[in-house]
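Please read them alongside the sequence and coordinates.

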Amino acid sequence: MQRKVNDVGGLPGEHIDSVDHDATFFEKRIDAMLMLLISPKIKAFSIDALRRTIEENTLDDYTKRGYYEKWLYAIRHLLVEQQILSNEEIDQRITTIMQTKG
Amino acid sequence: MTDSHPEFPPPRFGVGDKVVVKNGPPETHCRTPYYLRGVNGQIIELIGRYQNPSLLAFHKPGLPKLWLYRVRFDQYKIWEQYNGANSDSVVADLYEHWLVPVKEHSNVAP
């Protein structure tokens with residue numbers, strides 16, 4: 001493969017909405033999570049690893065997922081890859097939170 | 001900014017050198033955009049030596065470091081039927097292993 005999913009420069013695409021909007025709470029949380037994880041004190045992984053993981057998206061996922069959504073999936077993948085959390089632990093926590101929220 | 005430790009190989013290119021971007025397949029984590037591959041450009045700045053992003057991407061230290069250059073390209077050489085001014089340009093930061101001196105690859109020159 002000559003061109004990776006993220007490497008879209010020059011490809012015809014849909015209209016880009018260039019109007020500024022405030023970051024949503026979801027986006028701010030993901031941003032904060034990443035900044036902490038790559039900070040020198042924590043160093044769970046590097047920004048390069050995050051980019052590599054995002055580039056590993058299938059074309060379908062890359063197109064469908066939003067910018068911060070791609071960060072979120074990559075963060076999860078890397079936390080498991082670095083053996084900081086297991087998939088089971090993450091899934092369990094998601095279940096608990098969903099139940100609490102009713 | 002440039003790292004002049006004796007064990008580091010010196011930069012292969014200098015400011016003003018004409019280069020062509022390799023037309024090779026991307027690395028697993030690739031910092032060289034597809035649209036620049038095979039395009040001729042000119043070095044406008046030697047930025048410095050940086051840890052190899054392809055290795056950093058897999059939790060490795062990223063050594064040996066790679067020379068990074070700022071390279072200027074003419075827009076009309078990148079895009080077919082480019083409508084803008086001939087002087088329009090794109091500037092990209094590219095690692096040394098993606099660049100070849102133009103004289104070695106004169107067949108690639110547009």
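1. Ile47(B) counts as partly exposed because it has 14 C-beta neighbours inside 10 Å. For this count C-beta atoms are placed from the backbone; 20 or more others within 10 Å make a residue buried, 12 or fewer make it exposed, and anything in between is partly exposed. The residue lies in strand β2 (residues 40-50) of chain B. Helices (H or I, at least four residues) and strands (E, at least two) are DSSP runs, numbered from the N terminus. Beyond its neighbours within four places in sequence, Ile47(B) is in contact with Leu68(B), Tyr69(B), Arg70(B) and Asp93(B). A contact here is a pair of residues whose C-beta atoms, placed from the backbone, lie within 7 Å. Glu80(B), 33 residues away from Ile47(B) along the chain, has its C-alpha atom 30 Å from that of Ile47(B).

2. On provenance: this is a predicted model, in which local features need pLDDT of at least 70 and side-chain atom pairs count only at pLDDT 80 or more, while totals for chains, interfaces and linings use all residues. Residues are numbered from 1 along each chain as its sequence is written, and chains are lettered from A and ligands numbered from 1 in the order in which they are written.

3. Chain B has two helices and five strands, in the order β-β-α-β-α-β-β from the N terminus. Of its 110 residues, 26% count as buried. Among contacts in chain B with a separation of 6 or more, 61% are between residues 24 or more positions apart.

4. Which strands does β1(B) pair with? Pairing requires that DSSP finds at least two bridges between two strands. β1(B) pairs with β2(B) in the antiparallel sense, over three bridges, and three bridges also join β1(B) to strand β5 (residues 99-101) of chain B, again antiparallel. Val19(B) stands opposite Gly41(B) in β2(B) and opposite Pro101(B) in β5(B). Val20(B) faces Asn40(B) in β2(B).

5. The largest nonpolar core has 16 residues, of which Val21(B), Val39(B), Tyr69(B), Val71(B), Leu94(B) and Leu99(B) touch the most other members. Such a core is a set of buried Ala, Val, Leu, Ile, Met, Phe, Trp, Tyr and Cys residues joined through C-beta atoms within 7 Å. In chain B, β1 (18-21), β3 (66-74) and β4 (89-95) each supply at least two of its residues, and β3(B) gives the most, with five. Tyr69(B), apart from its neighbours within four places in sequence, is in contact with Phe13(B), Ile43(B), Glu45(B), Leu46(B), Ile47(B), Leu94(B), Glu96(B) and Leu99(B). A second, separate core of 10 residues includes Leu50(A), Leu78(A), Leu56(B) and Ala57(B).

6. Where the chains meet, 13 residues of chain B are in contact with 13 residues of chain A. The chain B side divides into 10 nonpolar, three polar and no charged residues. In this scheme Ala, Val, Leu, Ile, Met, Phe, Trp, Tyr, Cys and Pro are nonpolar, Asp, Glu, Lys and Arg are charged, and the others, Gly among them, are polar.

7. Chain A comes to five helices and zero strands. Its C-alpha trace spans about 45 × 30 × 25 Å along the principal axes. Of its 102 residues, 14% count as buried.

8. Helix α4 (residues 67-81) of chain A has 15 residues and reaches 21 Å from first C-alpha to last, close to the 21 Å expected; the expected span is 1.5 Å times one less than the number of residues. Lys70(A), Ala74(A) and Leu78(A) are its buried residues. Seen down the axis, the buried residues of α4(A) fall within an arc of 65°, so they line one face of the helix; the arc is that of the directions from the helix axis to the C-beta atoms. What covers them includes α2 (47-55) of chain A. Just after α4(A), Gln83(A) takes a positive phi of about 55°.

9. Is α5(A) covered or hardly covered? The count of buried residues among its 15 residues is zero, so by the definition of burial α5(A) is hardly covered.

Methods
Two residues are in contact if their C-beta atoms, placed from the backbone, lie within 7 Å.
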